[in-house]
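I opened a new structure today and kept notes as I went. Here is what I looked up, entry by entry.

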Amino acid sequence: ANKRHRVSLDGDVDVNGNGDANGAPPPPGGYAHAPNVDTRPKDAPGLAKDEGEKRRGRRMFAGLLGTLKRHRDEEKAVAAVTAQRRSVIEQAETKAREVTDKLRQHDAASGAVQRAR
C-alpha cells in the first residue's frame, strides 16, 4: 500500500517505483538501475552446464582448428606443386618454341641456298 509515485518530466505519474531511494526519477530514456535478469534460456547454445561439457567443447574446437590447419597446409603444398608444374610446362613450351624457330630458320636458310644455286 506504500507505493512511491514518480512524476516524469512530462508530468506522467509512474506507480511502478522505478525511481531511486530518494524518489528521484531515473534519467530520461532509461532506468536508474537496470533489472538484473538473465534473458537467455537455460538451454541456450553457448552456455556450458558443467566443467565436463566445457572441456568437451574445448577439445572439439581444438580438433576443428587442427583440421583447418591441416587442410590449409595441404592447400599450400598443392599450390606449390601446381606452381612448380606450371613452371616446368612454361619452360618446355619455351624450349619447343626455340627449337621450332631454329628449324624454321634452318629450313629458310637451306631453301635460300638451294635457290641461289
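This is a predicted model: local features need pLDDT of at least 70, side-chain atom pairs count only at pLDDT 80 or more; totals for chains, interfaces and linings use all residues.

Entry 1: I picked Lys54 and looked up how open it is. Its relative accessibility is 37%, so Lys54 counts as partly exposed. The cut-offs I needed: under 20% is buried, over 50% is exposed, and partly exposed sits in between.

**Entry 2: who does Lys54 pair with?** I checked for a partner and found that Lys54 forms a salt bridge with Glu51. The closest N and O atoms of the pair are 3.5 Å apart. Where do the two sit? Glu51 and Lys54 are three residues apart in helix α1, so about one helical turn separates them.

Entry 3: Besides the Glu51 pair, Asp73 and Lys69 meet through their side chains, at 3.1 Å from N to O. Asp73 and Lys69 are four residues apart in helix α1, so again the separation is about one helical turn. I looked up how open each one is. Asp73 has 35% relative accessibility, so I wrote it down as partly exposed. Lys69 has a relative accessible area of 44%, so Lys69 goes down as partly exposed too.

**Entry 4: a charged patch.** Next I looked for charge gathered on the surface. Arg55, Arg56, Arg58 and Arg59 form a patch of positive charge there. I took Arg58 for a closer look: is it buried or exposed? Arg58 counts as exposed because its relative accessibility is 56%. Arg58 is found in helix α1, which covers residues 51-116.

**Entry 5: stepping back to the whole chain.** What is the chain built from? I counted off one helix and two strands. Reading along the sequence, I get the pattern β-β-α. Then I checked burial: 5% of the chain's 117 residues count as buried. For surface, the chain exposes about 10,700 Å², and carbon and sulfur atoms supply 54% of that.

**Entry 6: contacts across the sequence.** I took the contacts in the chain with a separation of 6 or more and asked what share comes from residues 24 or more positions apart. That share is 0%.

Definitions and conventions:
Residues are numbered from 1 along each chain as its sequence is written. Side-chain values use heavy atoms; hydrogens and water are left out. Patches are made of residues with over 30% relative accessible area and no salt bridge: like charges are joined within 9 Å, nonpolar side chains (Val, Leu, Ile, Met, Phe, Trp, Tyr) within 5 Å. Accessible areas come from the Shrake-Rupley method with a 1.4 Å probe; for residues, only the protein chains shown count as cover. A salt bridge is a side-chain nitrogen of Lys or Arg within 4 Å of a carboxyl oxygen of Asp or Glu. Lys and Arg count as positive and Asp and Glu as negative; His and the chain ends are not counted. The place of a charge is taken as NZ of Lys, CZ of Arg, CG of Asp or CD of Glu. Buried means under 20% relative accessible area, exposed over 50%, partly exposed in between (1.4 Å probe, protein chains only). Contact means heavy atoms within 4.5 Å.
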